[in-house]
Amino acid sequence: MQRTLYWKLFANYFMLILIPLLAASLLIHLFVVQMIENDAERYNTVIMNRFSEQTDTALHQLQTSMIHLLSTSNLKSLLLLPDQSEEHSERRMELLHSLRDQLQQLESNEMVDHAYYYFAGKDLIVAAETYTSKAYYYDERLQISKQSRRMLEAELYGKKMMDFLETAALTTAVSYPFNSNDPDVYLLVALRSDKLRKQITIDEKWVTGTAIMNAAGKIIADAGLSPQVQEELTRRIRAGSIDGSSRFIVDGQMGQSWMKSVFSESWHYISLVDLKALMKPVRIVQGASWLFFIFFLIIGGFVSYQLSKRLYRPIREINDELKLHHMPAPGANREGNELDMIKRYSQSIMVKNKELYQLVSGMQPFMQEQFVTQLLLGQYRDELSIDYYAREIGFAYNKHTPRTVIAIALHFNAVPYASISETSKMFWLAELKDKIADAGTGHLWFCLTKPDVLACVLHHKSDALAASNEHSFSDYDSAALKSEALRVAERIQALLLQHGKDYCKATIGVGKPVKQLDSLHRSYENAVDQLIYRGLKQTVEICVNDFSESKETQQAEAFLSSQEVAQMMNQYKAGQLDELLQFVLRLLEDGEKRDTTAVQIKYLCTDVLHTWIRALELERHDWNVPYYYNLFDRINRCMTWEELRSSFTEIHRQLFSKPQSSKGGQFAEILLYIEQHIDQELSIEHFAEQMKMSTGHFSRKFKEEVGEKYVEYIAKIRLNRAKQLLLDTDLKMDDIAEQVGYWGRNSLIRAFRKYEGITPAKYRSIHMPD
């Protein structure tokens, strides 16, 4: 009998569980595995397309920048000037400095290591940090051998449009004039190998290496390729086994993806794919499916055996009882058989059912409060559904009693509730409900619609209105009901003021009375809308507003004007940091005098903080989103005027505190000399020779010690001095330019526009008092 039960149970298990599982496993082998293999190969192609497109785009952008630089530079004017003419020397120096400034902008590209102009017919090279002879530049700056220099110069002939030079690693050239076969100038740009390597790196475990290779088999850039692999790739190119199309070649356990470059027709992007790693998910899925099937097979046999054993035992007991005329056998243990166990289980279920009934009865008030919450939130808006759910939970109510919702916003963020637990808050709210109910406020329903909003539904005692079947009130009735609701709100206000030591502040909103229960959400929405008009005084206030002025109109008036934003930006640029704080404090003082609502003043405060952060990020460019979010959240959590003033004072200290200067060291005397002789020529070559350094070494050490490039530091010192003269004197632009070391007003204006974004005249007009 037990064996028969076992096979029946196992057959049912096999039909219901194992056969569908086996079918699923076969489906995985026949369809899903093939789909994964195809998707893996397709995904590799997509990755190749993406990284090649990104690299091509970066190179195209660099090419566009180089051509734009040559188009907009003053090369043509410089080439037309006589070399030995003294009367044009000042103009020639100005043009050279202009070219250096443009090269500095080009070098700001993260892929550019260095760039310079190579004058074919002159012994002149112009770089971002200097202009000098070719021999000096190649020997001292680039430090390349004479043979390498000759090979490099041998390639500088004819027209070039971002051609990569064979003799100089990752160096590209553009000739000027563009359409000339005998150009006068070449713009040479050396790319950073680490950035290009990072550009072509694919961060996937199954990609073992990537490279860019030209048609001659030369590796332009690579990431993770061994010398043996490089030789194999070069052999394939030179053997002609790779044509101009994109291909995927399988070689044993390795795959090679070849993709033609859009930037250069002679280039190929190559990635080496570890097929074992790429197909590892396929093998895992295959193995897991079979293990899953075997596991369920074993589990099914074991469970079937145990069930058959347990099912057979009560059958045997019943059979024995029948043989003995329903009497137990002598010496049998009545309490140990399966029938007794079933009886005990039945008794246990009855006991648990009784406990569950008591538990449900105890939960009824919470269920009814939840039902009221759903009513206020508008989840039940018809009488039929309200009546049905009310009967389900035993909720009794009068359909035609007029009601008004009073919303109490409790602000727990201030001391002492900033550190207490949620459980303690719930006990405090329960105590608050009891106090309000005992304060003679009439019949009320309570519920928490939000963690910090306690809603009180007031039932009005009006027999005439209760007997009416109309859904609306007359003006007289509505005024009387609202007056009654206001009196209840005032009692709640007095109660909260009496226990004011337990919280920071609270706001009470009184909604409009409604007749029907399915319209109760309108009264709640109206009460919550009143809360937006709360103030920032540390008290309990009742908000009642007729909405004569829309929220949109209030919000539109609660933002800084463009003139105020520009004023703060200019104060920051001029270093008037204390004025930024004083502006906010005056804003808060004016708002407190006018008793401005919290929402309006917080819109203004948010606008001010956003302007501060935007001013800081003009120089830093390192958006710390979590930190700035905490600042905005801190302002939003302020409940009083004093908290706003204190918060803005602390935020101002954090954002605009001046760090201790670490400039100095071996450059301290040079920095002092620069500040004292800002009106003189301050060439980097002079200081480099004075410190017995090369120009490049001096430039690097200067940036390490001072924290800024030499050219940018000089420009900053000169512009700060120019700002002082613009605001403190009536000197003309030419005189100011001469005193701060510029060759003329045009040079001063260009520098001002570059670093300040406005002209000197505009800066003077903004900051000078009327």
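A: Let us start with the idea of a core. A nonpolar core is a set of buried Ala, Val, Leu, Ile, Met, Phe, Trp, Tyr and Cys residues joined through side-chain atoms within 4.5 Å. Buried means under 20% relative accessible area, exposed over 50%, and partly exposed in between, with a 1.4 Å probe and protein chains only. The model here is predicted: local features need pLDDT of at least 70, side-chain atom pairs count only at pLDDT 80 or more, and totals for chains, interfaces and linings use all residues. Residues are numbered from 1 along each chain as its sequence is written, and side-chain values use heavy atoms, with hydrogens and water left out.

Q: Which residues touch the most other members of the largest nonpolar core?
A: They are Tyr117, Leu187 and Val189, in a core of 47 residues. Helix H1 (residues 2-72) gives the most to this core, namely 9 residues. Helices (H or I, at least four residues) and strands (E, at least two) are DSSP runs, numbered from the N terminus. Another core lies apart from this one; it has 32 residues, among them Met568, Leu588, Leu616 and Leu631.

Q: With which residues is Val189 in contact, leaving aside its neighbours within four places in sequence?
A: Contact means heavy atoms within 4.5 Å. On that basis Val189 is in contact with Leu62, Met66, Leu106, Val112, His114, Ala115, Leu170, Thr171 and Thr172.

Q: How should I read the angle between two helices, such as H4 and H5?
A: Axes are lines fitted to C-alpha atoms, for helices over the stretch in contact, and angles run from 0 to 180 degrees between N-to-C directions. Angles under 35 degrees count as roughly parallel, over 145 as roughly antiparallel, 65 to 115 as roughly perpendicular and the rest as oblique. The axes of H4 (residues 134-142) and H5 (residues 146-155) come within 11 Å and cross at roughly 125°; the two helices are therefore oblique to each other. Lys134, Ala135 and Tyr138 of H4 meet Arg149, Leu152 and Glu153 of H5. By class, this contact of H4 with H5 comprises 3 nonpolar, no polar and 3 charged residues. Here Ala, Val, Leu, Ile, Met, Phe, Trp, Tyr, Cys and Pro count as nonpolar, Asp, Glu, Lys and Arg as charged, and the others, Gly among them, as polar.

Q: How do H25 and H27 cross?
A: The axes of H25 (residues 710-728) and H27 (residues 745-756) come within 11 Å and cross at roughly 105°, which makes H25 roughly perpendicular to H27. Residues in the contact include Leu719 and Leu726 of H25 and Phe752 and Tyr755 of H27. The contact divides into 8 nonpolar, no polar and 3 charged residues.

Q: Is Leu458 buried or exposed?
A: Leu458, in strand S14 (residues 453-459), has 1% relative accessibility and so counts as buried.

Q: What should I note about the backbone in the loops?
A: One item is the peptide bond between Tyr176 and Pro177, which is cis, with omega about 0°. Pro177 is in the loop between strands S5 (171-176) and S6 (185-191). Another item is phi: Asp595, a residue other than glycine, has a positive value near 55°. Asp595 lies in the loop between helices H18 (577-593) and H19 (598-620), and at 41% relative accessibility it counts as partly exposed.
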